Amino acid sequence: MKIISQLLIISVLTSTLFLNAQNKELENSTLYNVHSKKTFLEFSIGFSKASFSDFATSPLVYRGNPLNLMLAHTDVDTQRLSRFGVNYAFGNFSNDFNNQNSVSQFKSLILSYAELYAIGFLNSNRLNIKIGPHLNTSANFRENEQLFNGSKGIEIIGTLFGSINATFIINKNSLPIKELFFNADIGLINSAFRNGYAYVGQGAVLNNDDFFDGYQFSVFSGARFSTQLGYTSHLKNHNSIRISYLWDAYRTSNDINNFQMAYHTLRLTFLFNLK
């Protein structure tokens, strides 16, 4: 709760500075041009409801409410969207099967890069649709002391998505300009580096202290899908503020050592205009 309170305070302070960063010159300037090229530095905080199962240890489902912090750099205009982002999620997940409470400490670092281009014949003055590749790498670290020798687990999940992004301008002639957007990602190439079955390798028995003993790399296995729906308000100072809902789900394989996870995230994003 202390961490949540600190993050809420940071969000309030950030939004206050963000919204008050206007001066007379900007207020008297021409209307914000949504079609011109813009460069944003994005900062967001997200509150998630999530669950995961690691079938290499058990079929139990762990549930939690991790916090998400994201930093991203975005270049966007009507013809192209280029975005690099770093997302960090952390929190505790628990399971109380048969009145036995088990807690897993969870941390995840996600790197993503997308390069999308407009489809001309589908676009208009209000509607803009872009498609392209999106590369995502997620590294999860989990620790559950009740699993003893198998208490620590890591998975690195790489995905090449086919991505589509659609934006619709609600109003063009008055500030703040309001915009709806929808983004969908479909995993085309899925890969994973994680522990095999059984979860505990033979390194300790053989006096070979190798943390990744028994880990396996697989490619063209598993599946991943992600969608995001949101609302953006472009302000007089050329900054923007966004609220969005994100759903992300993946599984590493169809065999006995499958790992699967799903996120539902409500995200507040501040977009600082760098140009």
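Buried here means under 20% relative accessible area, and that cut-off will come up at several stops on this tour. Keep in mind as you click around that the model is predicted.

**Stop one: Arg-194 and Asp-54**

Select Arg-194 and Asp-54 and show their side chains. They form a salt bridge, with the closest N and O atoms 2.6 Å apart. Now colour by strand: Arg-194 sits in strand β8 (residues 177-195) and Asp-54 in strand β1, so this contact ties together parts that are 140 residues apart in sequence. Are these two partners buried or exposed? Both Arg-194 and Asp-54 are buried.

Together with Asp-54 and Arg-194, they are linked in a network of salt bridges. Across the whole structure, a search finds seven salt bridges, and two others are worth a visit.

**Stop two: Arg-83 and Glu-42**

Stay with strand β1 for a moment and pick Glu-42, then bring up Arg-83 in strand β4 (residues 80-95); the two are 41 residues apart. Glu-42 has a relative accessible area of 3%, so it counts as buried. Arg-83 comes out at 21%, which makes it partly exposed.

**Stop three: Glu-115 and Arg-80**

Keep strand β4 on screen and select Arg-80, along with Glu-115 over in strand β5; this pair is 35 residues apart. Here too there is a salt bridge, at 2.6 Å from N to O. What is the relative accessibility of Glu-115? The value for Glu-115 is 10%, so it counts as buried. Arg-80, with a relative accessible area of 28%, is partly exposed.

**Stop four: the rings around Phe-52**

Time to switch to aromatics. The model has seven aromatic pairs. Select Phe-52 and Tyr-62: their rings are stacked, 5.4 Å centre to centre with 10° between the planes. Phe-52 belongs to strand β1 (residues 38-54) and Tyr-62 to strand β2 (residues 62-64), 10 residues apart. Phe-52 is buried at 3% relative accessible area, and Tyr-62, at 8%, is buried as well.

Phe-106 lies in strand β5 (residues 102-118), so its pairing with Phe-52 in strand β1 ties together parts that are 54 residues apart in sequence. Phe-106 is buried too, with a relative accessible area of 1%.

**Last stop: Arg-242 over Phe-181**

Finish by selecting Phe-181 and turning the view until you look down on its ring face. What lies over the face of Phe-181? The answer is Arg-242, at 4.7 Å from the ring centre.

Note on methods:
Residues numbered from 1 in each chain as written. Predicted model: local features only at pLDDT ≥ 70, side-chain atom pairs only at ≥ 80, totals over all residues. Heavy atoms only, no water. Phe/Tyr/Trp six-rings, centres within 6.5 Å; stacked < 30°, edge-to-face > 60°. Helix = DSSP H or I, 4+ residues; strand = E, 2+ residues; numbered from the N terminus. Buried < 20%, exposed > 50% of the residue type's maximum accessible area, 1.4 Å probe, protein only. Lys NZ or Arg CZ within 6 Å of the ring centre and 35° of its normal. Salt bridge = Lys/Arg side-chain N within 4 Å of Asp/Glu carboxyl O.
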